[in-house]
Amino acid sequence: MSATQTLLSVTGLTKHYGAHLGCADVSFDLYPGEVVGIVGESGSGKTTLLNCLAGRLAPDEGRVQYTDRLGDSMDVHAMSESRRRFLMRTDWAFVHQNPRDGLRMAVSAGGNVGERLMAVGARHYGDIRSQAIDWLDKTEVDVGRVDDRPDTFSGGMQQRLQIARNLVTGPRLVFMDEPTGGLDVSVQARLLDLLRRLVAEMGLSAIIVTHDLAVARLLSHRLMVMRRGHVVEQGLTDQVLDDPQHAYTQLLVSSVLQP
Amino acid sequence: MTPESETDQQYNFAYLDEQTKRMIRRALLKAVAIPGYQVPFAGREMPMPYGWGTGGIQVTAAILRRDDTLKVIDQGADDTTNAVSIRKFFKRVAGIATTEKTREATIIQTRHRIPETPLEDGQIIVFQVPIPEPLRFLEPRETETRKMHALEEYGLMHVKLYEDIARHGHIATTYAYPVKVAGRYIMDPSPTPKFDNPKMNRTPALQLFGAGREKRIYAIPPYTEVVSLDFEDHPFEVQKWDRPCALCGATESFLDEVIMDDQGTRMFVCSDTDHCEKRRGEGHVGPAQEAAE
Amino acid sequence: MYVAVKGGERAIDNAHGLMAEDRRGDPEVAELTIPQIREQMKLAVDRVMTEGSVFDRDLAALAIKQARGDLIEAAFLIRAYRTTLTRFGASLPVDTGKMKIDRRISAAFKDIPGGQVLGPTFDYTHRLLDFKLAAEGGEAPMALPVDADGETAPHVLDLLAAEGLVETPGMANDDAAPADITREAPEYPMDREARLQSLARGDEGYLLALAYSTQRGYGRTHPFAGEIRLGRVSVEFMPEELGFPVEIGEIELTECNMINQFKGSKAMPPQFTRGYGVAFGHGERKAMAMALVDRSLRSEELGEEITAPAQDQEFVLSHCDNVQATGFLEHLKLPHYVDFQSELELVRRMRGEAAE
């Protein structure tokens, strides 16, 4: 086996909602610098899985093991809430589909980006502000709008701001739930470019949930195809999309990629 | 001491029954043990309206002894109507001695000010608190704010200060200015002006806070570190006036602005009436006094 | 010279004198007596007992007189008095199934065992001012033959519960001491027992508005008035040293059981659920509103989506007490000039900076 340590190691993750199945027996490893896409139609359990992975939802069975910068391995669901929240504002980031869920709409763009810095102890206004401006620039948000509230921003700008807010503390692992959902096609393309560039520059690991195979192809190294709570196929992105083995993946690929 | 005959014998000493006092004292002990932490307590319905100092009154009632000397101030003054009303209440139900002199008081109940005269070892100051939760206006839910305190998640508090500076160039909070107590809990100092915040730091007196409607008690033990939140490059600072008290000439005290006539003539005088009188007794004179002479 | 804050003591005494004079009104008009208020202002007395949390008609009547007819102020007087009362313990749960009924209706069934009993109600009156009442000394109305003179009747909902169509009410745990919101600081999430206590002493107008909001679609609960009953129940107390219950008196109660549609959840099959309301004396509007709000606050327990104000327990419960609310609202009348001075200084400074 490779000597590289896994970042996230997932075994037998299962979540039910009463009689309804959320996701069942999901296992996989994520290595540093790797981007995994989770695809499937709506209701297939992608978002449930993502929330279980990110510690936002307790699974019925299974484990999610995270290895931190020091090489210490920890069970995401067994750790204390304070430890988990600390991870959420340091090593991890979560990008919501709807920027409203990930931003404070009544706080200026600068304050939104600065919050994570202040949450981990930054106490120099000038430094916080210049880092916020730097990140607005990196995410292609007009730096002149640093003091404007996000509710005056366009949807694409709000989403870029959410990304800036998440990445400012240099996380190692980013969870993304349909990051380009609800945006116009041209806006989507720009956001995808940005994400791809940032992921590459920062060497980020990411888990991206999307129903859009084009997004998955562009961003992820590996793909997991979900259907009715089960992972029906997983492998390298090109391999899964160009030579799908499972009948459901074949259907998915043919209906989406070939018009 | 007030003669026993003036005391209302229909009620237990200091109004509350002994059982209730014990319950409040237990909450106070816990509060002192965990500086700045808001301890829930089963506040009683008092014969004054909620919001008029019922929390402070219950704390005072629970700690009051027959040989205590009580001072009650509101806005720094002993003669404001609500201070008068509360002092009268304790005279009636406890028959204790009262004073207007900060030095002579063993217990000082206050609303909105800390006396200018530095408090001493052995004195207790009791604050009336309307909203004890410093995070309340950032997050209305009690369930959430308690979690934020428990996990020491205070980033949001600094976001508010950041927003002030981004918008106004400086922190725009003037009263109920949040503090961090003993390096752990963020606390609302009650709606005292931020001018009084430095007085809370390492004071020899015991500081007790009672919120009756919200049913919370908290405390700062003597000599405890109390730090007003700020940024390194925008340090905390207090209000300053560009003139002295018109009556006593004090330059270091909190001044109230009094409108003198319908031409808008204004006078600035000490909000702490005892402090002002003491200074005048010592021969200090302010510009208004000089002009009159 | 500077006198603004001086003279507080005399001002207070004068204000008290003026208030006493105003309370009495024109001395030419006969003074109201406590029995008159108690007997002829029954619904006001009942509301003050409910919101003041003390069942004592004479005290409530006195409070109304002293408060010059301000019912929230009267409830406040009763509450402050209540604090000073010695506490002996909790009564046994009253059995409203054994209520001696004066009024009892169900809107869900045409006829019910024990019958529909209209009793004393405004319901089918025409709201026309009755000028005969303006003339004093009219004859006392004849006592009419009573439909149900203190008979008992089973709870309508128990009949449905037997079939499993409506949930059986949660039984209070007899071994555990009942929750007491006057002895414990509120803690959220609050269990139903404590929620019902808060609602029972909650402001009628506030609960009415919240209940109304659920009817208009802000968290619909599809209610039917399963049963509303008014009557007398006996109160029993079990002194520890005796070991058997002793009847200590009889109180009048209004009780409302709402039936609400429920589609079922992962934990429960579809069935009708309940909302519960109760008030001292005759307080139908209060009991009904309370029942609707109680049901709304069960949204979380029943797995319903929480979208409306009436479903949000921290919102509903922390604002339902009118004595707390009125105190905090009216405290704005207290001097705030120190804080205002601080703000004034800030605004002046910022205006100065803006002008530069």
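Helix α9 (residues 284–296) of chain C lies across β1, β2 (223–237), β3 and β4 of chain C, at about 145° to β4(C). Everything here comes from a predicted model, in which local features need pLDDT of at least 70, side-chain atom pairs count only at pLDDT 80 or more, and totals for chains, interfaces and linings use all residues. Residues are numbered from 1 along each chain as its sequence is written, chains are lettered from A and ligands numbered from 1 in the order in which they are written, and side-chain values use heavy atoms, with hydrogens and water left out.

Helices (H or I, at least four residues) and strands (E, at least two) are DSSP runs numbered from the N terminus. Axes are lines fitted to C-alpha atoms, for helices over the stretch in contact, and angles run from 0 to 180 degrees between N-to-C directions; contact means heavy atoms within 4.5 Å.

Now look at the sheet itself. In chain C, four strands make an open sheet ordered β1-β2-β3-β4, with antiparallel pairing; two strands pair if DSSP finds at least two bridges between them. At the edges are β1 (100–105) and β4 (273–280) of chain C, each pairing on one side only. From one strand to the next, the twist averages 20°. Eight bridges join β3 (residues 246–260) of chain C to β4(C) in the antiparallel sense, and C:Leu253 stands opposite C:Phe280 in β4(C). Another helix, α3 (residues 42–52) of chain C, lies across β3 and β4 of chain C, running at about 110° to β4(C).

Let's move on to where chain C meets chain B. Here 61 residues of chain B are in contact with 47 residues of chain C. The two chains bury about 4,700 Å² between them, 58% of it on carbon and sulfur atoms; buried area is the accessible area (1.4 Å probe) lost on putting two parts together, summed over both. On the chain B side, B:Glu45, B:Trp52 and B:Asp79 lose the most area to chain C, together 13% of what that side buries.

Within this meeting of chains, α3 (residues 81–94) of chain B packs with α1 (residues 8–24) of chain C at an angle of about 80°, their axes 8 Å apart. That makes α3(B) roughly perpendicular to α1(C), a label for angles of 65 to 115 degrees. B:Thr81, B:Val84, B:Ser85 and B:Lys88 meet C:Gly8, C:Glu9, C:Ile12 and C:Asp13 there.

Finally, five salt bridges are found across the interface of chain B and chain C, each a side-chain nitrogen of Lys or Arg within 4 Å of a carboxyl oxygen of Asp or Glu. The side chains of C:Asp312 and B:Arg141 meet in a salt bridge at 2.5 Å, N to O.

Technical notes. Parallel < 35°, antiparallel > 145°, perpendicular 65-115°, else oblique.
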